[in-house]
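User: I would like to go through a protein interface with you. Could you take my questions one at a time?

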Number of protein chains: 2
Amino acid sequence: VRFDLILVGFGNVARRFVELLDEQRTALRRDFDVSTRVVGVVTRHAARLASPGSAALGAAPHSESHDRRGTARSQSRSTTEFIRRATRAHRASARGGRLVVVESTTLNVVDGRPGIDHVRAALAGGAHVITVNKGPAAFAYRLLTRAAARAKRRFLFEGAVMDGVPIFNLARESMPAVRITGFRGIVNTTTNFMLSAMERGERFDDALAAMQRAGIAEADATLDVDGWDAAAKVSALANVLMDARITPHDVHRRGINAAIARRADAALKNGRRMKLVAEATRRGTRVVARVGPRILDDDDFLTHIDGRQNALVLTTDLLGDIAVVQRGSGLTQTAYALLSDLLAIARDVRR
Amino acid sequence: VRFDLILVGFGNVARRFVELLDEQRTALRRDFDVSTRVVGVVTRHAARLASPGSAALGAAPHSESHDRRGTARSQSRSTTEFIRRATRAHRASARGGRLVVVESTTLNVVDGRPGIDHVRAALAGGAHVITVNKGPAAFAYRLLTRAAARAKRRFLFEGAVMDGVPIFNLARESMPAVRITGFRGIVNTTTNFMLSAMERGERFDDALAAMQRAGIAEADATLDVDGWDAAAKVSALANVLMDARITPHDVHRRGINAAIARRADAALKNGRRMKLVAEATRRGTRVVARVGPRILDDDDFLTHIDGRQNALVLTTDLLGDIAVVQRGSGLTQTAYALLSDLLAIARDVRR
């Protein structure tokens, strides 16, 4: 399969993804019969589109065909228009199921837009969508899954939670007939790292600055410390794994701040630990979801998930409790999430 | 799909599997279009086979059509013959890919026989094979995988390690393009429970007896305490995940005994823990595998895997370290492994 890729968003993750495709080129061709070329790139500031017959674009949209400056609103509108135009221009590969929109714009916790619009426009244009943006699954999982089914295309987002650790794939493909009745985990790296650092006596602001320097904290760090990033992940997990119908605004949410964090230090002195815990449980027909700082005992599984680790414990009917732990996170892991989604599509196409 | 099942071995796991099929009957039909009937059962002492047109057998082979008493050798030979006869009798469903041999005989650490012979006979007869026996994958993974490919049938064994936790499926299906460079884990429940109990001051023999009463220890408990069960699991994992070509005899193996276990107690007093660690790493083109008691520091991930938990940490190139933890084990989890294998086959058949 030769995939034509349209990159929507071209930040660190998308750049690393393009690099990774290049590094893995030989293995992808040999083991999966997959090759790729980038045929379109759109960012907040620039857009570029190759005509179907032409060579692939270089990875970076340096030589923009047109520059755009405008309000955020007009930018997002024209990004959606770009997706429509690009899918039309590449309708032959769209028809063959070989056109993929790679969405990596950032989370908007107000309403998940324009990420949702990007996904809809891509599916409407006959493209598959793979995304690391949590917004679409957190705000509109059901809507977009239906749109994908109607279009006979895939909407995949393995990178939305725990980077490329295949948590959605695991639950969807590898545990058939198992019912997930709840989950509990640590899913935000920035706050987990900060709480570990503050136990060692570091100040709140210094710990946060360290995560920003490492490129791990969200551009707007309040998404991390106020619990919005975790809430979006809980919402996506609950919607996909527990068939919930919630948005991040339905998640009971408390974040951390300097005052709360001082309690992390106090907890440690008593042999206990403070963690920002994300969880969901069924209550009757509803799913109740929460994010907040919790003081955990030493025998709690999450107690020992320190620093840059993420963990998710799934409670199930047939398999009991299962935990998946990501022991380190970084750009390659996030970029790999997109690659694993792409290879899932390749498997469908081959069949 | 209506599967015809031939049960080879009818101990606790197979009985729970048959129960589970019954409990899940409605969901299996509704969600997977799968129904099942047992058409043959063979144990060390008895065998029973339904003719293709007749009703399914009851779950338990009470009313044996013939009894057998003989040496272990002649028993295993006649079990293999039974499989040949049964697959011939049900050749119509075999041709349709609807005949499944459910192998649940116990591990033989000498050479993996007769489990391997059961798998070969089943594949030769056109049946798929699902097994919880570690022997076939530990001793003959490559041979049996090739035989399955030639027969266009599946040979699946998710239950061989960590019960139904989909560790093989995860690595094979959910992490495409990822190379596993090593692993390290706690994979034997009996010894892990015993070490935890002995830290609390219990005696070696009492801790072992508790696991035997709970039905968790192998019938021959020396397989657990001498590290053979863990060695067979390491061998299966290394063969499947790392493309090794080893048997349990290639695993450097040390078990636990009363004297070693006393050191578990001493370790705890120093804030450290003793665990029976199973591991494999690449050394050049070879895979080196070990099982043995290790004293672990508090910050080791495996340190906090207590009691009945199992854990496996995979080291990978693109995803860093990932851990999967089974937080409780029991008969339902093991029986579910067979169900998940069966549903994997159902998915193939539907395509």
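This is a predicted model: local features need pLDDT of at least 70, side-chain atom pairs count only at pLDDT 80 or more; totals for chains, interfaces and linings use all residues.

User: How many residues of chain B are in contact with chain A?

Analyst: In chain B, 39 residues are in contact (heavy atoms within 4.5 Å) with 39 residues of chain A.

User: And what area do the two chains bury?

Analyst: They bury about 3,200 Å² between them (accessible area lost on being put together, 1.4 Å probe, summed over both). Carbon and sulfur atoms account for 62% of it. Leu318(B), Arg327(B) and Tyr336(B) supply 20% of the area that chain B buries against chain A, more than any other three residues.

User: How many salt bridges are there between the chains?

Analyst: The count is two, taking a side-chain nitrogen of Lys or Arg within 4 Å of a carboxyl oxygen of Asp or Glu. Arg347(B) forms a salt bridge with Glu173(A), at 2.8 Å from N to O.

User: Turning to strands, which one of chain A pairs with β13(B)?

Analyst: β13 of chain A, residues 321–326, pairs with β13(B) in the antiparallel sense over five bridges. Strands here are DSSP runs (E, at least two residues) numbered from the N terminus, and pairing requires at least two DSSP bridges. Within this pairing, Ile322(B) is the bridge partner of Gln326(A).

Methods. Residues are numbered from 1 along each chain as its sequence is written. Chains are lettered from A and ligands numbered from 1 in the order in which they are written. Side-chain values use heavy atoms; hydrogens and water are left out. Helices (H or I, at least four residues) and strands (E, at least two) are DSSP runs, numbered from the N terminus.
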